[in-house]
Amino acid sequence: MIPEKVATFRAQFRDKYISPRYSGVAHFLFTSLVSLTVVGYCAATVRAPRWWELVTVPATFLFANFVEYRAHRGVMHHKIRPFQLVFERHTPSHHGFYTHEAMAADSSRDYYMVLFPPILIVFFFGLFALPVGLVLAWLTTANIARMFVATAVGYFLTYEWLHFAYHQPADGFIGRRWLVRKLRAHHTLHHDVSQMQKWNFNITFPICDALFGTTYKTGD
């Protein structure tokens, strides 16, 4: 059962912010297809990589995990200029819409408050991944540049897919998967208002939470 306070918040938020024309399924497919296209193209154009070029993949993965952690612990939970809109969408809105007592979306319309806005994909690829990739191609090799872009965009998509999975019904096909259950438990604790500023900031894999001591343990 969804607490009455959360149900009221969701109803008011939908009426005010989510267009009747919004399609959560189309949103999910757009994010997935665009990201997979970029990852597939970049991966397919890598040519005979040397071992030291392959280090790009784990290095980018770990860097992305750190960026995810710092952004979540920082601007997503603290109102810092010029990122006030990021804070507003995440802390009051996302955490008001989904609490540790009501993690699952009621319908596909509620994907609006799980997935990043489509424009962010354009921003992430056009203003971050592509420019950094071009610089890497100039300074290093084309293989490193392509593997960086493929891994960075792939990490973004992993973030979106896992976060989406956490906000599906726990007893559904997705919610019952072993990995989803484990990671969902980590994320659900973060959705407890009394804990969200202190614990479990990684949304994907809690690597940086473990490194920086912010994984919640019983008794903390």
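This is a predicted model: local features need pLDDT of at least 70, side-chain atom pairs count only at pLDDT 80 or more; totals for chains, interfaces and linings use all residues.
Trainee: Which residue does Arg10 pair with?

Mentor: Arg10 forms a salt bridge with Asp106, and their closest N and O atoms are 3.3 Å apart. Arg10 lies in helix H1 (residues 4-17), while Asp106 lies in the loop between helix H5 (84-97) and helix H6 (118-139), so this pair ties together parts that are 96 residues apart in sequence.

Trainee: Is Arg10 buried or exposed?

Mentor: Arg10 is buried, with a relative accessible area of 0%.

Trainee: Which other arginine forms a salt bridge with Asp106?

Mentor: Asp106 also forms a salt bridge with Arg14, with the closest N and O atoms 2.8 Å apart. This pair links distant parts of the chain, since Arg14 is in helix H1 and Asp106 is in the loop between H5 and H6, 92 residues apart. Arg14 is buried, at a relative accessible area of 16%.

Trainee: Changing topic to H2: how many residues does it have, and how far does it reach?

Mentor: Helix H2 (residues 24-44) has 21 residues and reaches 30 Å from its first C-alpha to its last. That is close to the 30 Å expected at 1.5 Å a residue.

Trainee: Which of its residues are buried?

Mentor: The buried residues of H2 are Gly24, His27, Thr31, Ser32, Ser35, Val38 and Cys42.

Trainee: Where do they fall, seen down the axis of H2?

Mentor: The buried residues of H2 fall within an arc of 140°, so they line one face of the helix. In general, an α-helix has 3.6 residues a turn, so residues three or four places apart point the same way.

Trainee: What do the buried residues of H2 pack against?

Mentor: They pack against H6 and helix H7 (142-166).

Trainee: And which exposed residues are on the face turned away from the buried side?

Mentor: That face of H2 carries the exposed residues Leu33, Thr37, Tyr41 and Ala44.

Notes: Residues are numbered from 1 along each chain as its sequence is written. Side-chain values use heavy atoms; hydrogens and water are left out. A salt bridge is a side-chain nitrogen of Lys or Arg within 4 Å of a carboxyl oxygen of Asp or Glu. Helices (H or I, at least four residues) and strands (E, at least two) are DSSP runs, numbered from the N terminus. Buried means under 20% relative accessible area, exposed over 50%, partly exposed in between (1.4 Å probe, protein chains only). The expected span of a helix is 1.5 Å times one less than its number of residues. The arc is that of the directions from the helix axis to the C-beta atoms. Contact means heavy atoms within 4.5 Å.
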